[in-house]
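Reader: I am new to this structure and would like to learn how to read it one feature at a time. Could you show me the molecule and then take me through it, giving the general idea before each case?

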Amino acid sequence: MRAKPPCVSPSDPVSTVLSHMMKEEIGAVIVAEDNRPIGIITENDMLIRVFHAGRDLISTSASEIMSSPLVTLDSQGSIKDGLDLIREHDIQRLVVTDGE
């Protein structure tokens, strides 16, 4: 778990997302608007929604390929709460927020 994962804005090009993933050696980037997480882009999203679909890295924006709505858990939630959310929403990554 990262204390503060890399974020991009919805209007950022996919090339920026890819740069963050490569530089930080991570598999997902949070999409945030007004400092609030609104979506997530994973390696799988990049493979399927960008590369396999033949989309352009510069003209495609983060908002076009992000998974949304974002499933989050407040930092005060328990591990059981987190596991329940992961199972309920069939997701692999859960974003933990600090009272947001």
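Author: Let us begin with a term: buried means under 20% relative accessible area, exposed means over 50%, and partly exposed lies in between, all with a 1.4 Å probe and protein chains only. Helices (H or I, at least four residues) and strands (E, at least two) are DSSP runs, numbered from the N terminus. With these terms, strand E2 can be called mostly covered, since 5 of its 6 residues are buried. What you see is a predicted model, in which local features need pLDDT of at least 70 and side-chain atom pairs count only at pLDDT 80 or more, while totals for chains, interfaces and linings use all residues. Residues are numbered from 1 along each chain as its sequence is written, and side-chain values use heavy atoms, with hydrogens and water left out.

Reader: What is found in the hairpin of E2 and E3?

Author: The hairpin has 2 residues between the strands. Asp 34, which lies in the loop between E2 and E3, has a positive phi of about 55° although it is not a glycine. Asp 34 is also exposed, with a relative accessible area of 71%. Glu 25, in the loop between H1 and E2, is another residue other than glycine with a positive phi, near 55°, and at 73% relative accessibility Glu 25 counts as exposed.

Reader: Where do the buried residues of helix H2 fall when it is seen down its axis?

Author: For such a view one takes the arc of the directions from the helix axis to the C-beta atoms. In H2 (residues 43-52) the buried residues are Asp 45, Met 46 and Val 50. Seen down the axis of H2, these buried residues fall within an arc of 95°, so they line one face of the helix. The face turned away from that buried side carries the exposed residues Leu 47 and His 52.

Reader: What do the buried residues of H2 pack against?

Author: Contact means heavy atoms within 4.5 Å. The buried residues of H2 pack against helix H1 (14-24), strand E3 (36-42) and helix H3 (62-65). Just after H2, Gly 54 takes a positive phi of about 70°.

Reader: What is the volume of the second largest pocket, and which residues line it?

Author: On a 1 Å grid over the protein atoms alone, a pocket is an open set of points where a 1.4 Å probe fits, with protein on both sides within 12 Å along at least five of seven lines, and lining residues have an atom within 4 Å of a point. Grid points are joined across faces, edges and corners, and the volume is the space filled by probe spheres set on the points. The second largest pocket has a volume of about 340 Å³, and its lining includes Ile 40, Asp 45, Ser 67, Pro 69 and Arg 93. E3 and H2 each supply at least two residues of that lining.

Reader: Where is Ser 67, and which residues is it in contact with?

Author: Ser 67 has its place in the loop between H3 and E4, and is partly exposed, with a relative accessible area of 24%. Leaving aside neighbours within four places in sequence, Ser 67 is in contact with Ile 38, Gly 39, Ile 40, Asp 45 and Arg 49.

How values were computed:
Pairing = 2+ DSSP bridges.
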